[in-house]
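Q: Could you go through this model with me and set each label against its definition?
A: Gladly; here is the structure to look at together.

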Amino acid sequence: MVPRSTLVAVSAAQLAAQLAGHVVALRRRRHFDVPFLAGSPDHLVRDWLWFGTAFSAPPYLLGPQLWATARLLHGPDDRARWVLRWLGTGLTFGYLSERCTRLRVSPGGFDPVETPVVVTGWGCAVALAVLAPR
């Protein structure tokens, strides 16, 4: 089983990437754009509340991640591990479905600000999905 401290560190890094992604998305007006559904740069904050931005999840996913990370910080908790595993899995597919994310990790799509945010967030989401199970 992966040590709690490792899982807490990965989740904290993922949350930091989400925060950085949110700031970058707001400043650069990067709305969510997934298959069959896209946001609007004019309604970025409203869309973030329900769907997230191109580089960050909506607050109703960040809350449980904060809760689970705090629980694991204080001691072993199987429910918190379960939450992080499922959030990591969902975020992994969320990053994969986002058009701007796919662009930033494709050849020729490198951006010195956006690409590191995407790679860190996506990588930590995958790590949560893989490391969180008991």
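Q: Where is Met1 found?
A: Met1 sits in the segment before helix 1 (4-28); helices here are DSSP runs of H or I with at least four residues, numbered from the N terminus. A word on the source: this is a predicted model, where local features need pLDDT of at least 70, side-chain atom pairs count only at pLDDT 80 or more, and totals for chains, interfaces and linings use all residues. Residues are numbered from 1 along each chain as its sequence is written, and side-chain values use heavy atoms, with hydrogens and water left out.

Q: Is Met1 buried or exposed, and why?
A: Its relative accessible area is 67%, so Met1 is exposed (buried is under 20%, exposed over 50%, partly exposed in between, with a 1.4 Å probe and protein chains only).

Q: What separates the C-alpha atoms of Met1 and Leu131?
A: They lie 8.1 Å apart, although the two residues are 130 residues apart along the chain.

Q: Why is the pair of Tyr95 and Trp122 called stacked?
A: Rings of Phe, Tyr and Trp (its six-membered ring) pair if their centres lie within 6.5 Å, and planes under 30 degrees apart count as stacked, over 60 as edge-to-face and the rest as tilted. The centres of these two rings are 6.4 Å apart and their planes are at 15 degrees, so the pair is stacked. The pair links distant parts of the chain, with Tyr95 in helix 4 and Trp122 in helix 6 (residues 114-131), 27 residues apart. By this rule there are 3 aromatic pairs.

Q: Why do Tyr95 and Trp122 count as buried?
A: Tyr95 has 6% relative accessibility, so Tyr95 counts as buried. Trp122 has 19%, so Trp122 counts as buried too.

Q: How do you know that the span of helix 1 is close to the expected one?
A: The expected span is 1.5 Å times one less than the number of residues. Helix 1 has 25 residues and reaches 36 Å from its first C-alpha to its last, close to the 36 Å expected.

Q: Which residues of helix 1 are buried, and what covers them?
A: Among the buried ones are Leu7, Val8, Ser11, Leu15 and Gln18. Their cover includes helix 2, helix 3, helix 4 and helix 6, where contact means heavy atoms within 4.5 Å.

Q: What is the phi of Arg29, which follows helix 1?
A: The phi of Arg29 is positive, near 60 degrees.

Key: Helix = DSSP H or I, 4+ residues; strand = E, 2+ residues; numbered from the N terminus.
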